[in-house]
Amino acid sequence: MVHRTRRLTAALASLTALGLVAACSSGGDGGGGDDGGAVTLTITANAISGGKNAAEADWIRDWVIPEFQAAQSEAGRDVTVEFLEEGVDDEDYKTKIALDLQSGEGADIIGIDGIWVGEFAEAGYIMPLSEVGGDAVDSWEGWDQMSDAVQSAMSFEDQRYGVPQGADGRVLYYNKELFAQAGLPEDWQPTSWEEVLEAGRSLAGIDGVIPIQLNAGTAMGEATTMQGVLPLLAGTGSEVYSDGMWNGATQGLRDALELYATIYAEEGLGDPILQQEAAGRDNSFAQFAAGEIGILLEGDYFWRSVINPDESIGTAPMANRDEIVGYTLIPAQEPGSGVEGRDFVSMGGGTGRVLNPNSENPELAWELLAFMNSAEAYSERVAGTVSITPRDDVNAEVLAGDPMLSFVSENVLPINSYRPGLAAYPQVSVALQEATAAVVDGTSPDEAAEAYEQALIGIVGEENVASGDG
Amino acid sequence: MAGLGRFGAGAFVAPALALIGLFLVFPALWTIYLGMTDYRLTGLQAVDPSFVGLDNYEQILGDPAFWRSLRLTLVFVLASGIVGQSLLGFAIAWALRRLTGWLKSVVETLVLAAWVIPASVASFLWIALLDRRGGTLNEILGTQGTAWLIEHPMAMIIIFNIWVGTAFSMLLFSSALASVPPSQLESARMAGASGWQQLRDVVIPNIRGHILTNTLLITLWTFNTFTPYLVTAGGPNGASEILAVYIYNTAIPGGQLGVGAAISLIMLLINLVIALGYLRVGRARAARPAEATAAETAGGAATS
């Protein structure tokens, strides 16, 4: 501990040095690249058996790896595939793989969030797929099965950097038992923010229940932006980025922050402490599963991977999920006030997998990546737990079996808005999170919105910011 | 140098100098350079950082978050290091000085255990103790639902750090108290001095050097410690973001490596000032022969 500063500086310096050295040599994991010799490929993703994204981890370990190795050995090649599991917060995972890639290391195939593609591509950490994987990439059959909107999640400046692994949307989940206790309808479809607040006020009468959980603060990271600020912003008709400019303290942002103030500071409809806990999001999941949260804004991920009644898949399994948990579209502030005049809004994210440019066996790595995204692989992937795949052919077969995901596919995906695929976005996202944190902490929405505009100017420069329309 | 010659002596020192150059001087210079660029973990500036001169320093010094962090660090060093660890360590050493046998061993072992347990394990224990839901402390006090780490983050990491670090002061003061000449204490007692008077007029003058050494080391360690990150991660919203944590949060998760390097340099300078201040006090003491012995003893204890 004595030389903590020095160690930190030394660490930073040596990281840089490693980066420089690696840029000149060809680093990377794995065994020898000679044909005929044994080859090792590695996959990494923020998924771990028995924990986060368990279904994906089990699928990679129990199906992808044995099947791919068997197929390769039939072709006379000795290939070993290793899976490096992670089960941490997305921000920590991102830090780790950014450091991996910067130092010229890392797995051959890396699972990343679509929103990191821009900044990683600009840093040269990842490259267009066809530059890494060769000609086989562009002639792959899978692209025809994926819509442009789905592909765009892993693209940057019109180049494909990775293969998307699904599409998703956001809804309001609500606990039907609590709704019944509060005298609210089981079949609920609010058409404005005010109606959501009204329901929350009714739920407030029940002891030990948090009426509304709306993600806020920096501890929740991107979850605050995706399941909080952005859907609200879309409901006011404004966007974080439009017509080539970043929007500052718009009326829409002020209204969205005002809703946070109403829920957390003024009426106590949400639990402000939950927003600051290090494991706040996981705790919010556990509390919803325990019937302690009335209304929760989340993605379909929550339905599939969190409250999934299958205990080996759900991180907070709810045995009676299908009976108790309702889901409904997120209303705009007022009917018709949403982006493009919509009554209801949603945000679409999207994760995927990229090839590591430092891979010693890039073409083989592409073969593995294509194999992981084949129709057969997706059919296997969704066998235990249905999710919306990027492939139209697979979706047509599997979604019919799950009413919730059919609902998302039919009613939510068409009203999805998307985050700007720009390198500056992650920093802007943090500034939005800070604005919500300030409001939950008691700062006035106007002040927080002004502070956000200042932060935005610091990030992208004054010339790229459209000042508030107020 | 007799018998070795300039060249021979140089050859002996060369490896050490090379190591210092490689692992201390080079990183320090590199930090100065990085601190003047807009180098980032990702994005365009990761491949092609540009030289921005003193912009980073201007940004840092104009950032309220930096000043808050510095203020929190001072509070942390004063409360958990100088006051908490030193006083508690001395109190335990004083209470144990005439004890022997198993009781002494038990107390010493418990205090040492806190020091020896790996930081990651210790912080997990503290998180379990202070957890909002089902935390041990809440069960004991009957204060279910109190989020100690959210509501009192600074107080918690201060107590945590006192718990972790008291052992060092205890050990140092134990050996210091053993070096107080019994004859002096005996005479004081014969003259009718009370316990407090013995402490003030006999013990403290004898161990002044130790106190100085202890305070310096504790100050530097506490100033630079990163362990509280494992308990609160600097949160909530920066309320326990001491300087080392602030640098990490800025440089790695925040991705601003250039700014992080600039803050590191500021921190390095503060460290230097503390160390120089100590050296000056130490030299002034050494110049006074009457207390020279005490200072030497202190030096010996510190390096052992």
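A residue is called buried when its relative accessible area is under 20%, exposed when that area is over 50%, and partly exposed in between, as computed with a 1.4 Å probe on protein chains only. A:Arg304, with a relative accessible area of 13%, is therefore buried, and A:Asp300 is buried with a relative accessible area of 0%.

The structure is a predicted model, in which local features need pLDDT of at least 70 and side-chain atom pairs count only at pLDDT 80 or more, while totals for chains, interfaces and linings use all residues. Residues are numbered from 1 along each chain as its sequence is written, chains are lettered from A and ligands numbered from 1 in the order in which they are written, and side-chain values use heavy atoms, with hydrogens and water left out.

## Chain A

Chain A contains 19 helices and 17 strands; these are DSSP runs numbered from the N terminus, helices being H or I with at least four residues and strands E with at least two. Of its 470 residues, 57% are buried. The C-alpha trace of chain A spans about 70 × 50 × 50 Å along its principal axes. A compact globule of 470 residues would have a radius of gyration near 23 Å, and chain A agrees because its value is 23 Å. That radius is taken over C-alpha atoms, and the globule rule is 2.2 Å times the number of residues to the power 0.38.

A contact means heavy atoms within 4.5 Å. Among the contacts in chain A with a separation of 6 or more, 72% are between residues 24 or more positions apart.

## Salt bridges

Side chains of opposite charge can pair when their charged atoms come close. A salt bridge is defined here as a side-chain nitrogen of Lys or Arg within 4 Å of a carboxyl oxygen of Asp or Glu. Over all chains, the structure holds 28 salt bridges, including the following.

| Pair | Closest N to O |
|---|---|
| A:Asp271 and B:Arg132 | 2.5 Å |
| A:Arg304 and A:Asp300 | 2.9 Å |

A:Arg304 and A:Asp300 are separated by about one helical turn, because they are four residues apart in helix α12 (residues 300–306) of chain A. Elsewhere, salt bridges that share partners join A:Glu194, A:Glu198, A:Arg201 and A:Glu267 into one network.

## The interface between chains B and A

The size of an interface is often given as the accessible area lost when the parts come together. Buried area is this loss, computed with a 1.4 Å probe and summed over both parts. Chain B and chain A bury about 3,100 Å² between them, of which 63% is on carbon and sulfur atoms. B:Leu41, B:Arg133 and B:Asn237 supply 17% of the area that chain B buries against chain A, more than any other three residues. The contact takes 33 residues from chain B and 31 residues from chain A.

Three salt bridges are found across this interface. One is formed by A:Asp271 and B:Arg132, and both of these residues are buried.

Methods
Buried area = accessible area lost by both parts, 1.4 Å probe.
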